[in-house]
Amino acid sequence: MSAQRTVIITGASQGIGAGLVTAYLQKGWNVIGTSRRISETASFDRSDRLKLMDGDVADPDTAERVARTAIDRFGSIDALINNAGVFVTKPFLEYTIDDFRRISATNVEGFIHFTKHAIKQMLRQESGGSIVTITSSLTDHPIAGVTASVPMITKGGLNAITRSLALEFAGNNIRVNAVSPGVVDTPLHARNPKDFLKSLSPMGTITAIQEIVNGVIYLTESANITGEVLHVDNGAHLGKW
Ligand SMILES: NC(=O)c1ccc[n+]([C@@H]2O[C@H](COP(=O)([O-])OP(=O)(O)OC[C@H]3O[C@@H](n4cnc5c(N)ncnc54)[C@H](OP(=O)(O)O)[C@@H]3O)[C@@H](O)[C@H]2O)c1
């Protein structure tokens with residue numbers, strides 16, 4: 001990786017993504033943070049090493065613009081965090097095909113657009129790189145009453161492609177990993193009672209954003225780890241408790 005490293009973070013305006021922006025800046029990285037309305041809604045300290053860009057990850061043009069800006073402004077793409085994602089729950093019979101298309105556009109098509117641009121640039125740089133994607137432990141262990149069947153098609157697919165790409169690009173020293181959260185204390189859960197959220201893992205706790213950030217940074221910096229899905233979920237992937 002180049003001396004002054006650059007990371008692209010999607011879904012960076014709030015929650016886990018905003019925590020990642022702050023952490024990577026503190027570690028000395030150049031950061032490009034993107035979301036649909038990040039320029040209006042986010043409030044980060046100003047920095048020459050931070051560039052915020054608006055755009056929908058489902059639009060291929062967003063990844064193209066973000067990658068070009070990373071290279072023009074900072075000279076490289078050394079890491080990508082695919083964090084932007086949407087989550088909805090409803091009984092399976094109530095999901096429409098439009099729900100599926102909308103969820104897939106953000107969670108899967110967004111992944112494909114950004115990951116393609118990042119890998120293309122990492123191959124040009126010939127110095128390896130790291131891709132980390134945020135998935136979900138509900139793919140390993142569904143919870144009765146949390147009916148997320150259709151979103152889990154997308155998150156399970158991201159776990160699968162993580163392993164495929166890890167193998168495909170291992171020889172180029174491009175590592176591809178995922179962090180799999182249970183319940184994280186972000187605005188996503190603003191309307192859910194804390195007692196209910198605590199009941200969704202065997203450890204009976206809610207994960208702080210910083211714990212997910214720590215997992216992402218660990219995978220970004222671990223030279224020998226690829227194809228790994230790291231569960232940071234208070235044991236929620238383990239089974240019935
Ligand atoms: N919180 C949890 O308990 C939990 C558990 C498991 C997995 N996760 C995963 O962790 C990731 C982050 O979750 P979070 O809780 O931090 O979410 P959040 O608070 O809802 O934030 C979502 C972020 O994604 C952006 N975003 C949403 N749709 C987008 C799109 N189409 N294009 C570009 N940006 C988009 C949002 O900004 P804009 O509105 O400006 O676009 C925002 O920055 C997601 O992939 C989520 O599925 C979260």
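Modeller: Residues are sorted by type: Ala, Val, Leu, Ile, Met, Phe, Trp, Tyr, Cys and Pro are nonpolar, Asp, Glu, Lys and Arg are charged, and the others, Gly among them, are polar. In this predicted model, local features need pLDDT of at least 70 and side-chain atom pairs pLDDT 80 or more, while totals for chains, interfaces and linings use all residues. Residues are numbered from 1 along each chain as its sequence is written, and side-chain values use heavy atoms, without hydrogens and water.

Biologist: How do the residues of the shell around the ligand divide?

Modeller: The shell holds 10 nonpolar, 13 polar and four charged residues. Ser13, Arg36, Val184, Thr186 and His189 come nearest among the 27 residues around the ligand (near: a heavy atom within 4 Å).

Biologist: Which polar backbone atoms lie 2.9 Å and 3.0 Å from ligand oxygen atoms?

Modeller: A polar contact pairs N or O atoms within 3.5 Å; within protein, one must be able to donate a hydrogen and the other to accept it, and sequence neighbours count only if both atoms are side-chain atoms. Here, the backbone of Ile16 lies 2.9 Å from a ligand oxygen, and that of Arg37 lies 3.0 Å from a ligand oxygen. A ligand nitrogen is 3.3 Å from a side-chain N or O atom of Thr106. The protein covers 93% of the 880 Å² accessible area of the ligand on its own (Shrake-Rupley method, 1.4 Å probe).

Biologist: Is Asn177 buried or exposed?

Modeller: Buried means under 20% relative accessible area, with a 1.4 Å probe and protein chains only. Asn177 is buried, at 0%. Its side chain has a polar atom 3.1 Å from the backbone nitrogen of Gly227 and one 2.9 Å from that of Glu228.

Key: Buried < 20%, exposed > 50% of the residue type's maximum accessible area, 1.4 Å probe, protein only.
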